[in-house]
Amino acid sequence: MNLIFLGPPGAGKGTLASMFSESNEIPHISTGDLFREAVQNKTELGNQVELIMAEGGLVPDTLTTEMVRERLQRSDCKNGYILDGFPRTIAQAEALIRISTVEAAVYFAVPDEDVIRRLSGRRVCARCKAVYHIRSLPPKQDGICDKCGEPLIIRDDDKPEAIKKRLDLYRQETAPLIEFYKKQNLLKEIDGTGSPESVYVRLNHVLDLET
Ligand code: AP5
């Protein structure tokens with residue numbers, strides 16, 4: 001199943017993609033994670049995108065699309081994939097049509113107040129990428145990743161100025177994709193509020209899958 005997860009920053013795309021990927025054995029491809037890995041490894045791509053990301057801006061379409069094109073060619077995508085955070089502009093969505101056939105675009109609808117609460121309490125593991133929240137999904141030991149024991153960090157773009165910019169850019173550049181996929185009869189909208197488990201049940205329901 002070739003899936004896109006759409007929604008504002010902090011909508012829970014990464015959290016739900018990780019849950020769905022584990023139970024359905026298809027890869028969770030997060031363009032944000034791929035860029036963060038490039039920054040961490042100090043690659044040429046990482047140097048190009050580091051400042052853009054820290055300020056909450058968007059990486060140019062050409063760089064992003066090429067990275068996704070290469071990633072989707074890998075053999076683990078042969079039974080499907082979840083694209084989390086891509087496409088994020090109409091130009092990226094049009095490019096994706098030339099790369100792969102999308103079967104559904106799931107839109108997680110979450111109001112701004114929830115988004116801000118979720119992003120300001122998010123903690124991530126820089127090593128294994130596990131995502132936590134200080135209230136809704138705390139680690140067993142404060143500040144330490146349950147999965148690999150590394151200290152948890154706050155993402156640079158989860159600071160208030162960057163959150164505002166990301167939300168503005170989401171409204172201008174990414175929200176028009178909802179209409180784009182609606183016109184193609186691919187849009188599946190779900191209520192993204194409530195616990196991750198309750199959103200997961202809605203996700204499976206909208207995709208006609210058993211939980
Ligand atoms: P990216 O990493 O994709 O960031 P994003 O889209 O802004 O999404 P987030 O990761 O912030 O949120 P999410 O929806 O995955 O929420 P999460 O599950 O973590 O991109 C980062 C940057 O990379 C961009 O700003 C840009 O610079 C660049 N980039 C990436 N893709 C690009 C592209 N295609 N084009 C150009 N540039 C690109 O959840 C958030 C928090 O809420 C967590 O703490 C979680 O535990 C908690 N939570 C989740 N679900 C629930 C729930 N149901 N109830 C309570 N808490 C919850």
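First, the ground rules. The model is predicted, and local features need pLDDT of at least 70, side-chain atom pairs count only at pLDDT 80 or more, and totals for chains, interfaces and linings use all residues. Residues are numbered from 1 along each chain as its sequence is written, and side-chain values use heavy atoms, with hydrogens and water left out.

I'll start with the ligand. The ligand is surrounded by 36 residues, where near means that a heavy atom of the residue lies within 4 Å of the molecule. The closest are Thr 15, Gly 57, Arg 88, Arg 122 and Arg 166. By class, this shell holds 14 nonpolar, 14 polar and eight charged residues. In that count, Ala, Val, Leu, Ile, Met, Phe, Trp, Tyr, Cys and Pro are nonpolar, Asp, Glu, Lys and Arg are charged, and the others, Gly among them, are polar.

Which helix gives the most to the shell? That is H2, with four residues. At least two residues each come from helix H1 (13–24), H2, helix H6 (112–120), strand E6 (131–133) and helix H9 (196–206). Helices here are DSSP runs of H or I with at least four residues, strands are runs of E with at least two, and both are numbered from the N terminus.

Now the polar contacts, meaning pairs of N or O atoms within 3.5 Å; within protein, one must be able to donate a hydrogen and the other to accept it, and residues adjacent in sequence count only if both atoms are side-chain atoms. A polar backbone atom of Gly 57 is 2.5 Å from a ligand oxygen, and one of Gly 10 is 2.9 Å from a ligand oxygen. From Arg 122, a polar side-chain atom lies 2.6 Å from an oxygen of the ligand. Taken alone, the ligand exposes 1,000 Å², and the protein buries 96% of that; the areas are Shrake-Rupley values with a 1.4 Å probe, and for residues only the protein chains shown count as cover.

Next, helix H2, residues 31–40. Its buried residues are Thr 31, Gly 32, Phe 35, Ala 38 and Val 39. Buried means under 20% relative accessible area, exposed over 50%, and partly exposed in between, with a 1.4 Å probe and protein chains only.

In H9, the buried residues are Val 199, Tyr 200, Leu 203, Asn 204 and Val 206. They fall within an arc of 160° down the axis of H9, so they line one face of that helix. They pack against strand E1 (2–6), H1, strand E4 (104–109) and strand E8 (187–191).

Thr 62 lies in helix H4, residues 61–72, and is exposed at 65% relative accessibility. Thr 64 is also placed in H4; its relative accessible area is 4%, so it is buried. The Thr 64 side chain reaches the backbone oxygen of Pro 60 at 3.0 Å.

His 133, in strand E6, is buried at 10% relative accessibility. A polar side-chain atom of His 133 lies 3.1 Å from the backbone oxygen of Arg 117.

How values were computed. The arc is that of the directions from the helix axis to the C-beta atoms. Contact means heavy atoms within 4.5 Å.
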